[in-house]
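These are my notebook entries on one structure. I set down what I looked up, topic by topic, with the cut-offs I used.

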Amino acid sequence: MKINYKHYTLLALMACAGLGANAQGIMGGHVTGNIQLDGQISSADSIIGAQDVPEKLLMNARADILYTNGDFSAGMRFEAYQNPILGFNAKYKGQGIANYFASYNGERLSVTVGNFYDQFGSGMILRAYEDRYLGLDNSLLGIDVVMRPFDGVTIKALAGKQRYYWEYGAGLVRGIDGEVNFNSIIKSMADSKFRFTMGAGFVSKYEDDQTIPYPENPSFKLNLPLNVGATAIRADLSYGNWGLQCESAFKGQDPSIMNDYIYRKGQAQMINLTYSQKGLSANIQAKYVDNMSFKSVRSESGEMLYINYIPSITKQHTYAFLSMYPYATQTTGEMGLQADLMYKFKKETLLGGKYGTDIHLNGSVITGLDTSRIGGAGTYGYTTAGFTPGELYYADASLEVAKKLNSKLKLTCTYGYQIFNPIVEGHHGDLHHNHVVVGDLTWKLNKKNVLRFEAEWMGSDSKYDSNVDDKRCGDWIMGLVEYNFTSAWFVSLSDQYAYNDGVGNYYNLSVGYTHGATRLQLGYGKQREGLLCIGGVCRQVPASNGLTFSLTTSF
C-alpha cells in the first residue's frame, strides 16, 4: 500500500486547521466519529454455488473521525479489509488511512484539501461519492473550492486524482461549475411563485498516452486524446405545484475499454416533470444516454474510476422478489421513461375508510438505442437513428396499496410485473417475464412491541439453465416473520424457496440489538448469488452460506 505519507500529511492538515481557528479567537473544538464492522463466515454449498473460503472469517471495518473547530474541520477514515467480505474486490485487501482532509467553510468561501466528495448537477459529468455497501469510493485527492461571491451565485472549482482501492488512478480530473438562483439575485423575483435556477459545468480529464494497437494494422497504434472534456447545462424551474428539472451533457471523443476504443462523441439528456399537492404527487422522467462512460483511466473496466454518474430512472424496490432483477444503468447507450403516482384517499370516504388509503403506482421502460455499426476500435463505432428505441432492456409496472385496518393493524399489498433482458448483465437468452405478489402485515401489539408478517410469490417464464447458471430463474415463494420488542431487540426469520424450474432454498435468521447509537446484528443462513444495485450502480454478490454480523456505533 503506497499511502504511508498520509499519516504525516493528515497531522499537518489538522494542525493547520487548529492553528487557523485559534488565530481567529475560536478555542477548543470537538471530535465526533462513527465505527462500522461487518464480518462473514461462509462454507461451501454446491446447491446454491457457494464456494469454499480459505480464510473462513472475512471482515470489513472502518472508523471515521471528524474534528471541528469553528469554521475549520479535519477528518480521517481508517479502513481494514482482512480479508474483504464476499462481493468486495480483492484489491481492497489490507488496512490503513484511506481518506483524510482539512477544510474551511466560511460564508462566502469553502476550501477542502485532501480527499473530498462533490458533484456537478445530477452528476452526469462529475460525481465523486462513496457507497460502502457497494464497495465503491470515487473520492478525489486534491483541492475543492466553493465560492459564493454574493447571494444566489455558487462557483465550484476542483482538481484531483481518484481513489483506486489503496492507490490513486493515473488520470487527472479538473472541473469548474457555476449555478445561479435568479430568485436570489433579482429582487423582484424574491417572493415570486416562479422559481428559476440555472447551472453549467465543465470537466476535463488528462491521461498520459498509451499504446493501443490499431486492429486493422497492428503496426500502427491508436492516436488517443490526452485530454477529454465533458460539459453540461441544467435548469430547475417550478411554479406553484409544478416543477421541471432538465440537464444535457456532452462529452468529447473518449476511446476506452468501455466502448471498445471507438471515437464517437457522447451525450446524455434527462428531464423530470413533477406535480404535488396535499395527498397527491406525480412525476414523469425521461432519459437518453449515448456513449457516456467517463473514466479517468481508459483501460479500467471495473466499477472504479468513474468520473460521472448516470442515475437510474427505474424504481428502487425494497421487497425481495421485486428487487431480484435490479436494473444497472447502461452508460454505453440506453433510453427510457418512468412515471410515478402517489395518491391518498381521504378518511371517511368510500375508498379511504376510517384511516385513509395510500396507493403508489409506478411504471418504467428502458431500451437500447437503434444503432447501425460502422466499425470497431479506431472508428466512430456506430450511428444512431436519433431518439428511436432499440432492443428492450427492462420494463416494470407496480401497484402498491397501503391501508390501516384498525389502530393496531396495517396491511400493504403490492403487485408487480417485470420484463428483464439478460443482455444487460452480459448474458444471452430469452426475456424473463415475472409476476410478483406481496402481502405485508404490521401488527402493533403495544408501544414497544411490533410483529410483522411478509409473504411473497413470484411466477416467471424463465427456467434454470446450468450453462447460464442464473439461480434467480423459476417460480418462488417466500415467508418472513419479524418481531421488534422493547424498542431495542428484533428477531426475524425468512425463507425463499424456488419450488418450480429453479434452484435453491434460502433461509435466514437475524437477531439485532440497539442501544443508543450502537447497533449489533447477527444473521445465519444462505445468500443467493446476484446483483446488489443502488441507484443504477451494481456489484456482483456471490452465493454464501453461514454467519454474518454487523456492528455500528457513533460518538
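Is Phe387 buried or exposed? I found Phe387 exposed, because its relative accessibility is 56%; here buried means under 20% relative accessible area, exposed over 50% and partly exposed in between, with a 1.4 Å probe and protein chains only.

**Basis.** I am working from a predicted model, in which local features need pLDDT of at least 70 and side-chain atom pairs count only at pLDDT 80 or more, while totals for chains, interfaces and linings use all residues. Residues are numbered from 1 along each chain as its sequence is written, and side-chain values use heavy atoms, with hydrogens and water left out.

**Confidence.** I looked up pLDDT, the predictor's confidence in each residue on a scale from 0 to 100, and the chain averages 92, with 95% of the residues scoring at least 70. Over residues 1-9 the pLDDT is below 50, and this stretch has 17 contacts in the model beyond near neighbours in sequence, a contact meaning heavy atoms within 4.5 Å. For residues 13-26 the pLDDT stays under 50 too, and I noted 17 contacts beyond four places in sequence.

**Aromatic pairs.** I searched the whole structure and found 17 aromatic pairs, where rings of Phe, Tyr and Trp (its six-membered ring) pair if their centres lie within 6.5 Å, and planes under 30 degrees apart count as stacked, over 60 as edge-to-face and the rest as tilted. Phe182 and Phe196 are stacked, because their ring centres are 4.9 Å apart and their planes meet at 15°. This pair links distant parts of the chain, with Phe182 in helix α2 (residues 182-185) and Phe196 in strand β14 (residues 194-206), 14 residues apart; helices (H or I, at least four residues) and strands (E, at least two) are DSSP runs, numbered from the N terminus. Phe182 is partly exposed at 21% relative accessible area, whereas Phe196, at 18%, counts as buried.

I then turned to Tyr288 and Phe387, whose pair is tilted, at 4.6 Å centre to centre and 55° between the planes. Tyr288 lies in strand β20 (residues 280-290) and Phe387 in strand β23 (residues 382-404), so the pair ties together parts that are 99 residues apart in sequence. Tyr288 is buried, with a relative accessible area of 4%. I also noted a cluster in which ring pairs link Tyr81, Tyr92, Tyr164, Tyr165 and Trp166.

**Charges over rings.** I counted a charge as over a ring if NZ of Lys or CZ of Arg is within 6 Å of the ring centre and within 35 degrees of the ring normal. Arg163 lies over the face of Trp166, 5.7 Å from the ring centre, and Arg127 lies over the face of Tyr129, at 4.0 Å.

**Cysteines.** My search of the whole structure gave one disulfide, taken as a pair of cysteine sulfur atoms within 2.5 Å. Cys533 and Cys538 form it, with their sulfur atoms 1.8 Å apart; the link is right-handed, with 105° about the S-S bond, and both residues are buried. Cys473 is buried, at 5% relative accessibility, and Cys246 is partly exposed, at 29%.

**Two buried strand residues.** Ser42 is placed in strand β1 (residues 30-42) and is buried at 4% relative accessibility. A polar atom of its side chain lies 3.1 Å from the backbone nitrogen of Asn545. Beyond four places in sequence, Ser42 contacts Val53, Lys56, Leu86, Ser544 and Asn545. Ala249, in strand β18 (residues 242-251), is buried with a relative accessible area of 0%, and the residues it touches beyond four places in sequence include Met124, Thr231, Gly266 and Met292.

**Backbone geometry.** Most residues other than glycine have a negative phi, and most peptide bonds are trans, so I listed the exceptions I looked up. A cis peptide bond joins Gln82 and Asn83, with omega about -15°, and Asn83 lies in the loop between β3 (72-81) and β4 (94-105). Asp260 has a positive phi of about 65°; Asp260 sits in the loop between β18 and β19 (266-277) and is partly exposed at 44%. Phi of Asp501 is also positive, near 60°; Asp501 lies in the loop between β28 (489-500) and β29 (505-515), and at 34% relative accessibility Asp501 is partly exposed.

Conventions
Polar contact = N/O pair within 3.5 Å; in protein donor to acceptor, adjacent residues only side chain to side chain.
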